[in-house]
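Work through the exercises below with the model open beside you, and try each task before you read its solution.

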Amino acid sequence: DLNSLLDSLLVKTQQQYEEAAEEPVRQAVMTNFNFLIVAKKLLDSTYVEPINGGPYLQELENIRQASSSLPSPIFQYEEDYTQYIPRGHYTRSDELKAYFRSMMWLGRMTFSCDDVNADFSRDATRSALLLVQAMANTRVNGKPAIKVWDDIYQPTVFFVGKSDDIGFYPYNKFAAE
């Protein structure tokens, strides 16, 4: 499900990029593209990315090394890359390790909208809203993308609890308003 969801979102994000006329929107979509490419490459190392180069390459290297906290090349805030070292039952197979890293990436990286850096917060919010739009307007194997995401997310909520970060539903409500 995660693999199919990422494939569909990457296609939709590419469409958004091709349709974007204003540079700030194109930059925001490119942030999403890089974000989704990292998740996809972590899940499927054979994936051939549709763009040639970008900050996703350094993100993948930072995750591969998993040795320290560094500024994220995509999100510009400090990220603890040691968190991407698979643990527990996720160490039992390469497939589980890949799933662990991809889900860790999707769960840890936030489109931060704090007051510390207003320009970055505006850009991150724009990216988040465009990703929400992509999610709301995408189908995965005939199902709404948000349903597929919810099917993936709800078991983690059961075992770990709800995320403290703003997610799809609050952003979707905000976008509608």
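**Exercise 1. A pair within one helix**

Task: Find which residue forms a salt bridge with Asp-123, and work out how the two are placed along their helix.

Solution. Begin with the contact itself: Asp-123 is bridged to Arg-126, and their closest N and O atoms are 3.2 Å apart. The model is a predicted one, and a salt bridge is counted here when a side-chain nitrogen of Lys or Arg comes within 4 Å of a carboxyl oxygen of Asp or Glu. Next, look at the positions in the chain: Asp-123 and Arg-126 are three residues apart in helix H5, and therefore about one helical turn separates them. Finally, consider the surroundings, where partly exposed stands for values between the buried limit of 20% and the exposed limit of 50%. Asp-123 has a relative accessibility of 37%, so it counts as partly exposed, and Arg-126, at 24%, is also placed in the partly exposed class.

**Exercise 2. A network of charges**

Task: Determine which residues are linked with Asp-151 in a network of salt bridges.

Solution. Take the contacts one at a time. The side chain of Asp-151 meets that of Lys-143 in a salt bridge with an N to O distance of 3.5 Å. Asp-151 also meets the side chain of Lys-147, with 2.7 Å from N to O. Joining these two steps gives a network made of Lys-143, Lys-147 and Asp-151. As for accessibility, Asp-151 counts as partly exposed at 30%, Lys-143 counts as partly exposed at 32%, and Lys-147 counts as partly exposed at 41%. To set these contacts in context, note that the structure holds eight salt bridges.

**Exercise 3. The largest pocket**

Task: Describe the volume of the largest pocket, the residues closest to its centre and the helix that gives the largest share of its lining.

Solution. Start with the volume, which is about 1,600 Å³ for the largest pocket. Of the 47 residues that line this pocket, Leu-106, Gly-107, Trp-149, Tyr-153 and Ser-163 are the closest to its centre. Then turn to the elements: those giving two or more residues to the lining include helix H1 (2-19), helix H4 (94-108) and helix H7 (168-176), while the largest share, 10 residues, comes from H6. Sorting the lining by class gives 30 nonpolar, 10 polar and seven charged residues.

Terms used. Residues numbered from 1 in each chain as written. Predicted model: local features only at pLDDT ≥ 70, side-chain atom pairs only at ≥ 80, totals over all residues. Heavy atoms only, no water. 1 Å grid on protein atoms, 1.4 Å probe; cavity = no way out; pocket = protein on both sides within 12 Å on 5 of 7 lines; lining within 4 Å. Points joined across faces, edges and corners; volume = space filled by probe spheres on them. Helix = DSSP H or I, 4+ residues; strand = E, 2+ residues; numbered from the N terminus. Nonpolar A, V, L, I, M, F, W, Y, C, P; charged D, E, K, R; others polar. Buried < 20%, exposed > 50% of the residue type's maximum accessible area, 1.4 Å probe, protein only.
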